[in-house]
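Trainee: Please take a close look at a single part of this structure and describe it in one connected account.

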Amino acid sequence: MGKHVIVLGAGIVGVCCALELVRRGLRVTLVDRQAPGMETSMGNAGVLARSSLMPFNHPGLWGQLPRLMKNDTVQFRYRASYLARNLGWAARFLLNARPSVFKQTTHALDELIRVSAPEHLRLLDAAGARHRLRDTGWVFLYRSPAAWNASALARQTFAQYQVPTQTLDPVELAALEPALSPIFHRALWIQGSYSVDDPQAVVTAYADLFRQAGGTVKAMTATGIRRDGQGWTVQGAQGSETLSADQVVVALGPWSKALLKTTGIDLPMAFERGYHMHYRGQDGARVTRPVYDTGGGYVLSPMARGLRLTTGVELDACEAAPRMTQLELAEARAREAFPLGERVDPAAWLGRRPTLPDSRPMIGQAPKHPGLWLALGHQHIGFSTAPGTAKLLGELMFDNPDPSRHHAFRPGRFI
């Protein structure tokens with residue numbers, strides 16, 4: 001095992017991987033074009049939840065498909081030209097919604113989340129960031145009996161994996177979150193889960209911990225990687241700028257696809273884009289934990305900067321220009337449910353969620369590329385699964401573990 005490793009990507013996954021490798025005694029350089037946590041990790045809803053084991057491509061997706069393909073819902077929108085160019089990915093995504101794959105995916109994600117939660121607590125304590133954590137869970141909101149009935153598979157899955165939940169009627173919901181409007185038929189309180197009030201600040205705190213442990217953070221835009229003797233060289237955007245190491249970990253999230261093409265690897269990755277905006281509550285109104293309005297297609301989370309509204313899925317090219325329709329629709333639905341005040345941010349934030357056809361990340365060494373390790377494709381749940389990803393990566397790099405423990409995440413299933 002080489003002693004110097006470059007980790008490409010300083011989001012939550014890359015920072016956690018860098019921390020794990022430093023802990024194991026390697027010299028680690030963490031590389032990103034921006035400061036840690038300033039890309040996809042900046043804009044999520046801040047949820048660290050056992051319920052994240054439920055993938056978007058579940059068996060119920062087939063019944064929802066005719067409605068979703070109309071391209072006018074708040075929850076899901078797509079650019080037709082992008083989808084047309086990626087029909088192969090879409091077909092594989094739908095194929096992986098069949099029950100047998102769904103069972104494999106939920107089992108694998110549950111194990112990854114179970115590993116991640118205690119690691120997050122350990123890192124938050126070590127980084128002096130525990131004050132950002134809430135242990136109040138989060139709440140799924142249902143506007144009608146039909147919506148509640150349609151969520152039966154999710155509730156059954158939570159019960160199967162012992163995710164603690166509590167069903168709330170309108171009176172119980174009002175007692176828990178009194179600022180919500182009385183428009184919800186029922187709610188599901190996901191307990192035994194956490195949230196944070198500033199995901200980017202958490203990533204920054206973890207990156208500071210990495211520096212304190214002897215790691216190096218370097219600002220560089222990686223444009224290519226190549227095998228160089230027994231090691232690897234990363235090419236920067238500034239012509240002659242390069243970095244070399246014995247091993248490379250690619251944890252660049254949505255930007256991993258373009259970079260890995262320089263090695264001949266073509267990832268079957270699509271981009272579930274999403275937006276967020278911060279608001280004030282009218283007359284100081286607030287929620288005390290994240291709430292997911294399943295009919296409204298948004299999550300409203302209490303953050304240090306205000307109430308963060310995050311949107312659902314927009315399928316489009318990674319670097320396509322923002323389109324504000326989804327945020328505007330989600331904001332209108334949120335105003336039905338909560339006394340939302342004025343916008344706080346001068347512009348909406350846009351993030352990209354890297355999604356593979358089976359909704360599982362890749363964790364492990366790239367086939368036929370010794371020394372090239374992958375930790376990518378975490379779609380919506382990178383924040384919930386990053387520390388577990390780092391632990392699994394460390395095991396694979398150092399411990400020669402039982403392959404069955406990591407089989408569901410092996411890169412070779414798509415490469």
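Mentor: In β9, S195 is the residue that R134 stands opposite. The model is predicted, with pLDDT of at least 70 required for local features and 80 or more for side-chain atom pairs, while totals for chains, interfaces and linings use all residues. Residues are numbered from 1 along each chain as its sequence is written, and side-chain values use heavy atoms, without hydrogens and water.

Strand β9 (residues 194–196) pairs with β5 in the antiparallel sense over two bridges; strands are DSSP E runs of at least two residues and helices H or I runs of at least four, numbered from the N terminus, and pairing requires at least two DSSP bridges. The open sheet has three strands, ordered β3-β9-β5, with antiparallel pairing.

N57 is buried at 2% relative accessible area (buried is under 20%, exposed over 50%, partly exposed in between, with a 1.4 Å probe and protein chains only). Beyond neighbours within four places in sequence, N57 contacts F93, N96, A97, P357, D358 and S359 (heavy atoms within 4.5 Å). The N57 side chain reaches the backbone oxygen of F93 at 3.1 Å, and a polar atom of that side chain lies 3.0 Å from the backbone oxygen of P357.

F93 also takes part in helix packing: L61, W62 and L65 in α2 meet F93, L94 and L95 in α4.

Methods
A polar contact is a pair of N or O atoms within 3.5 Å; within protein, one must be able to donate a hydrogen and the other to accept it, and residues adjacent in sequence count only if both atoms are side-chain atoms.
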